[in-house]
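This report covers helix packing, nonpolar cores and selected residues. The structure comes first.

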Amino acid sequence: RFHHTSTSHLCSCSKTVSDEKYQDPFQLGRKDLKNLYEDIKKELLVSTAELKEMCDYYFDGKGKAFRPMIVVLMARACNIHHNNSREVQASQRSVAIIAEMIHTASLVHDDVIDDANSRRGKMTVNQIWGERKAVLAGDFILSAASVALARIGNTAIISVLTQVIEDLVRGEFLQLGSKENENERFAHYLEKTFKKTASLIANSCKAVSILGCPDPKVHEIAYQYGKNVGIAFQLIDDVLDFTSCADRLGKPTAADLKLGLATGPVLFACRQFPEMNAMIMRRFSKPGDVERARKYVLQSDGVQQTTYLAQRYCHEATREISKLRPSPEREALIQLTEMVLMRDK
C-alpha cells in the first residue's frame, strides 16, 4: 500500500505557492511568539533552584518553536476564515505555550527511556542531573501545562489537549513492542508515529480552530492538516537518522537502530533485504546488527520510499488547508509543508 516506485506521486507543493504569495512562516509567526519562552518560564514558577535550573535548561529560547509557530499560524488562518479577524486570541496563544510545554516534557521523558546523552546539540537533562530528577522535571513541566490548560476554562479544549498526553504514553508503549507480520508492522509504525509526534500538532491545531471558529468542518481541516504535517515531520526525522551527520542533527546518527527501532527506511529496506526480518525481531541486539542494518538501508531505496511517503502526507496537508479562505497565514502553512520536506536537521 505504501510502496511507490514511480515519482508521479511526488507532491510539488511549491507550485501551490507562487513567488509573490510566498510567506516565510517564521517571519509571520514571530510576532505572536515574542516572549514565548519567558511566558513558559512564568508558568514554571518553582520553589527549588535545581528544578528551575532543569526547566530553564530546555526552555532556552534556542529552539525553532516549530509547534507553537504552526499553532499561531493556524489560529490566524481560522480566525480570518471565520470573521476576517487577524488577531490571535490570548487563549489561542496559551494553546501554543501549552503545546511547547507538553512537547518538551515528552522530550525529557523520552531521553530517560532512551538513555540519551545529547539533544539539540547539548547534553540531556538525565545526563546532567540523573534519571530520577529528569523524570520529576518532565512530570513538573506536564503538571504546569495542565494548570495552564485548566486556566483556559474551556472543556472542549481540555478534552482535545489531554488526548495528546494519553497518545504520548500509548505511543511510547507502541514503540516498546514490535510486530511479526510485515503489513502489521508498517501500520504499527504509522500509529506509533501519529501518537508520539503528530497527535500533539493535530490536536493543538484543532484546539485553536475551536477557539476561533464554531464550524466543525474547520476543526476537522485544522486537525487533518496538523496530523499530516506531523506524520511527515517524523518520517523526515527518521530519514535524517540515516542521511544526516551527527553535528547537523544535534544527536548521534543511527540512534533509532541502536534503540532497537525499525523506522520507515528500515521497514522499506526489509522488502528488498528479507534477512533484516530477524534483526528487526531481535531489535538489532546482536553485535554488528546496527552496522549491517544501516548498510542494508543505504543500499536499498528505503530512504527514498520514506521520503515519497512524507511527500504524500504533505500533499494531503496542503489539500486540507487549501479549503480555508486565502490568507498570508494559510499560504505560510502551505509553505511549511515544503520546509518540512526540505529540512536537513
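## Packing of α1 and α4

The model described here is a predicted one. In this model, helix α1 (residues 25-33) and helix α4 (residues 66-83) cross at roughly 85 degrees, and their axes come within 9 Å. The two helices α1 and α4 are therefore roughly perpendicular to each other.

On the α1 side, the contact is made by Pro 25, Phe 26, Leu 28, Gly 29, Lys 31, Asp 32 and Leu 33. Helix α4 contributes Pro 68, Met 69, Val 72, Leu 73 and Arg 76. By class, the residues of this contact are eight nonpolar, one polar and three charged.

## A buried glutamate

Glu 329 belongs to helix α17 (residues 328-342). The relative accessibility of Glu 329 is 5%, so this residue counts as buried. Beyond residues up to four places away in sequence, Glu 329 touches Leu 28, Leu 73, Arg 76, Ala 77, Ile 80 and Arg 86. Among these, Leu 28 of α1 and both Leu 73 and Arg 76 of α4 also take part in the contact between those two helices.

## Nonpolar cores

In soluble globular proteins, nonpolar side chains tend to be buried together. The largest nonpolar core of this model has 96 residues. Those with the most contacts inside this core are Phe 66, Ile 70, Met 74, Val 95, Met 101, Tyr 225 and Met 276. Helix α10 (residues 216-243) supplies the largest share of the core, 14 residues.

Leaving aside residues up to four places away in sequence, Met 276 touches Val 266, Ala 269, Cys 270, Ala 293, Tyr 296 and Val 297.

## Helix α13

Helix α13 (residues 264-272) is largely enclosed by the rest of the structure, because seven of its nine residues are buried. The buried residues are Gly 264, Pro 265, Val 266, Leu 267, Phe 268, Ala 269 and Cys 270. They pack against α9, α10, α12 (255-258), α14 (276-281), α15 (289-299) and α16 (302-321). Three of the buried α13 residues, Val 266, Ala 269 and Cys 270, are also touched by Met 276.

## Positive phi in two loops

Ala 65 is not a glycine, yet its phi is positive, at about 55 degrees. The residue sits in the loop between α3 and α4. With a relative accessible area of 9%, Ala 65 is buried.

Asn 84, likewise a residue other than glycine, has a positive phi near 60 degrees. Its place is the loop between α4 and α5 (90-114). Asn 84 has a relative accessible area of 45% and is partly exposed.

Lys 52 lies in helix α3 (residues 49-58) and is partly exposed, with a relative accessible area of 43%. Its side chain makes a polar contact of 2.8 Å with the side chain of Asp 56. Lys 52 and Ala 137 are 85 residues apart in sequence, but their C-alpha atoms are 8.9 Å apart in space.

Asn 181 is in the loop between α8 (155-176) and α9 (182-212). The residue is partly exposed, at 37% relative accessibility. A polar atom of the Asn 181 side chain lies 2.9 Å from the backbone nitrogen of Glu 184. Asn 181 and Leu 235 are 54 residues apart in sequence and 21 Å apart in space, C-alpha to C-alpha.

Technical notes: Residues numbered from 1 in each chain as written. Predicted model: local features only at pLDDT ≥ 70, side-chain atom pairs only at ≥ 80, totals over all residues. Heavy atoms only, no water. Core = buried A, V, L, I, M, F, W, Y, C linked by side-chain atoms within 4.5 Å. Buried < 20%, exposed > 50% of the residue type's maximum accessible area, 1.4 Å probe, protein only. Helix = DSSP H or I, 4+ residues; strand = E, 2+ residues; numbered from the N terminus. Contact = heavy atoms within 4.5 Å. Axes fitted to C-alpha atoms, helices over the stretch in contact; angles between N-to-C directions. Parallel < 35°, antiparallel > 145°, perpendicular 65-115°, else oblique. Nonpolar A, V, L, I, M, F, W, Y, C, P; charged D, E, K, R; others polar. Polar contact = N/O pair within 3.5 Å; in protein donor to acceptor, adjacent residues only side chain to side chain.
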